[in-house]
Amino acid sequence: MSRPSRDSNKIPRRISLPCKIRSPARCLNWPKSSLEHGLKLYEPAQRVLYADLTSVDTRVALLGYLANTLACSGELDQARSRCDESIVEARDTLHAPTLAHSLWHAWCAGWCAHLEPTTLLPYADELLELSTDRGLMFWHKMGTMARGWCLAGMGSGEQGLALLADGVSNFGASSNGPLFLTMLADAFRIVGQPDAGLARLNEAERQVEATQVRWWQSEVLRLRGALLMLIGDHIAAEANFRDAIAAARRQRAKFFELRVALDLVRHLHHQGRPGEARDLLGPLYGSFTEGFDTPDLKEAKLLIHGPAHEQRQA
């Protein structure tokens with residue numbers, strides 16, 4: 001097959017788009033618009049040339065990054081569609097690293113959307129099987145982390161913790177470090193070890209400052225609040241929830257904001273402040289236009305309207 005001619009002014013710029021999204025600017029609108037622009041620029045006839053410049057298929061990579069960005073922004077149906085599209089195209093390439101990339105980003109988009117561990121586990125298991133068969137050590141580590149979090153969420157806490165701890169030690173400090181430490185801290189929350197979870201979040205924040213990768217900042221703050229609730233420090237927990245909401249709003253990460261708001265609303269209800277809870281959650285829920293079948297949006301609707309409304313709707 002003959003190689004397409006290379007336009008040195010255009011091709012490197014197009015190929016570099018996915019790499020920039022790992023460290024997003026304060027607002028997610030920038031990576032979203034850049035990724036969408038990259039997909040428009042993509043020329044299928046030059047796929048062979050792109051393959052010489054990147055380790056995975058460029059279009060599949062763009063779709064995966066975009067799915068994550070859409071999930072964080074609260075555009076959940078579109079995120080799901082991009083995930084499906086990415087995996088279909090990755091399978092068509094017959095290129096194992098490209099399929100591994102798409103499986104990881106589908107898992108990660110689902111994690112951002114707070115999908116059930118049972119929904120996400122098949123992505124992790126396929127990623128592990130693929131990476132084992134093809135000797136893809138990097139993706140095997142990613143799959144191990146994903147499977148560990150799923151198992152912890154499904155009730156196999158000790159097994160999940162072991163996989164997550166192994167993954168964190170293998171990666172060390174990296175751009176993905178804050179995410180992996182947050183996943184491990186969440187597993188400690190699930191098994192009822194809040195102090196261990198808080199220690200991992202302290203390390204996550206140190207890595208955030210070292211790498212300046214702030215994609216997961218609101219989630220780190222939210223989870224710290226949840227862990228502080230477990231040890232009874234409700235004042236500090238509420239402060240962390242509010243800081244997490246502010247961080248999510250700065251990034252326009254609407255779904256992360258919803259996750260925090262749900263935690264804060266539960267706390268406010270327990271504090272006897274239902275009006276404040278309703279004022280916080282109602283406008284945020286009303287701003288969503290899709291993804292109403294996801295667990296968090298279902299819970300938000302129930303908290304706003306109550307079970308009686310659900311019965312009337314049924």
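Student: Which handedness does the crossing of α13 and α14 have?
Tutor: This is a predicted model. In it, helix α13 covers residues 234-251 and helix α14 covers residues 254-270. Their crossing is left-handed.

Student: Are α13 and α14 roughly parallel or roughly antiparallel?
Tutor: The two helices pack with their axes 9 Å apart, at an angle of about 155 degrees. Angles over 145 degrees count as roughly antiparallel. So α13 is, relative to α14, roughly antiparallel.

Student: How many residues of the contact of α13 with α14 are charged?
Tutor: The α13 side includes Glu-238, Arg-242 and Arg-249, and the α14 side includes Glu-257 and Asp-263. Nine residues of the contact are nonpolar and two are polar. The charged ones number five.

Student: Are α6 and α8 roughly parallel or roughly antiparallel?
Tutor: Helix α6 (residues 96-112) and helix α8 (residues 137-153) cross at roughly 30 degrees, and their axes come within 11 Å. Angles under 35 degrees count as roughly parallel. Therefore α6 is, relative to α8, roughly parallel.

Student: Is Ser-169 buried or exposed?
Tutor: Ser-169 sits in helix α9, residues 157-171. Its relative accessibility is 55%. The cut-off is over 50%, so Ser-169 counts as exposed.

Student: Which residue's backbone oxygen does the Ser-169 side chain reach?
Tutor: The separation is 2.7 Å.

Notes
Residues numbered from 1 in each chain as written. Predicted model: local features only at pLDDT ≥ 70, side-chain atom pairs only at ≥ 80, totals over all residues. Heavy atoms only, no water. Helix = DSSP H or I, 4+ residues; strand = E, 2+ residues; numbered from the N terminus. Buried < 20%, exposed > 50% of the residue type's maximum accessible area, 1.4 Å probe, protein only. Polar contact = N/O pair within 3.5 Å; in protein donor to acceptor, adjacent residues only side chain to side chain. Axes fitted to C-alpha atoms, helices over the stretch in contact; angles between N-to-C directions. Parallel < 35°, antiparallel > 145°, perpendicular 65-115°, else oblique. Left-handed = near helix turned anticlockwise from the far one by under 90°. Contact = heavy atoms within 4.5 Å. Nonpolar A, V, L, I, M, F, W, Y, C, P; charged D, E, K, R; others polar.
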